[in-house]
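Trainee: Please take me through this model. I want each term set against its cut-off.

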Amino acid sequence: MSVDNDTKRTEDALKHALRRQDAPDGFADRVLARVAAHNSTEAPRGYHDSWWQLFTRPAVRWATAAALAAALVAGGLHYRQVQFEKAQAERAQGEAAKQRLMLALRIASSKLQLARSKVNEINADQTENHEEKE
Amino acid sequence: MAEPIPAEKAADIAESDFAEIVRRHQAMVYSIALHFLADRSAAEELAQDVFLQLHAKLASLKSDDHVKFWLRKVTGHRCIDYKRRRGLPQVALDDVPECAAPAKAGDPWLSRRLRQLVASLPEKPRLIVILRYQEDMAAEEISNILTMPVATVKSHLQRSLAMLRQKMARALGEVLEK
């Protein structure tokens, strides 16, 4: 009985001595500030890691390869189109130059024809005059 | 006493609830650390570390009971780790201020003396005594938290109580003689 009472008294005294105590003022605010600071320093590294980790996923690797192949095909087609348009422009320029040359030749030919007929007329007049004098 | 989280909300304790969880459980975590370490600044530092760890773990905890169980377990283990890492000295019993007329439960001298006696216990018995008398936990609950057999918990409790009673009686006798 005495031992039981002694135990009970000790247990009551322990419960009182070890009762919960309030945390210091501002404890929760300090915890939240540490969490915020922790998050702000962790976020960029997490972002960086996740950016690289994207390429460990098979789907992302396939999508990247497909995008690169599509870009190469599109680039090749674009280059071919540019070359074709350039050749067409050069052919058109050549055709225009040819037309201009032909026009110039026709003009020169008609001028020569005119000069020749004038020369022939002068020659004919001189022959008539010469015959009349004789 | 903490109010239980309703069942429909229990599944998703969101981060927005974290501040509320800290306020609800700060006295429990801080007091376990304070009674174990007998050092206010070390206790606050350790309690803050526990809540930081909780923040990272929060998504996987399903209810307020789960949070409370996790906090007690992690605080207990961190206390033991902290003590082993820092090699904190045992509390010197000679530092206890004397009093002419001790002592009944609730007496400040008796409480201070008991806290110092508890702080002088070996690590695991100390944690068991704190969980039993601060948190009013049964031996079965303590055995779950410390992952040790119930019989071992009960044995630690009995031996610790006997030792505390003996030391307390000696201290009282010394005071009465003076």
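Trainee: Are Phe27(A) and Phe51(B) buried or exposed?

Mentor: Both Phe27(A) and Phe51(B) are buried. Buried means under 20% relative accessible area, exposed over 50%, partly exposed in between (1.4 Å probe, protein chains only). The model is predicted: local features need pLDDT of at least 70, side-chain atom pairs count only at pLDDT 80 or more, and totals for chains, interfaces and linings use all residues. Residues are numbered from 1 along each chain as its sequence is written, chains are lettered from A and ligands numbered from 1 in the order written, and side-chain values use heavy atoms, without hydrogens and water.

Trainee: Why is the aromatic pair of Phe27(A) and Phe51(B) called edge-to-face?

Mentor: Ring centres of Phe, Tyr or Trp (its six-membered ring) must lie within 6.5 Å; planes under 30 degrees apart count as stacked, over 60 as edge-to-face, the rest as tilted. Here the centres are 5.9 Å apart and the planes make 70 degrees, so the pair is edge-to-face. Phe27(A) belongs to helix α2 of chain A and Phe51(B) to helix α3 of chain B, and the pair crosses between the chains.

Trainee: What makes Arg34(A) and Asp49(B) a salt bridge?

Mentor: The rule asks for a side-chain nitrogen of Lys or Arg within 4 Å of a carboxyl oxygen of Asp or Glu. Their N to O distance is 2.8 Å, so the pair qualifies. Across the interface of chain B and chain A, the rule finds four salt bridges.

Trainee: How many residues does each chain bring to the contact?

Mentor: Chain B brings 38 residues and chain A 26, with contact meaning heavy atoms within 4.5 Å.

Methods: Helix = DSSP H or I, 4+ residues; strand = E, 2+ residues; numbered from the N terminus.
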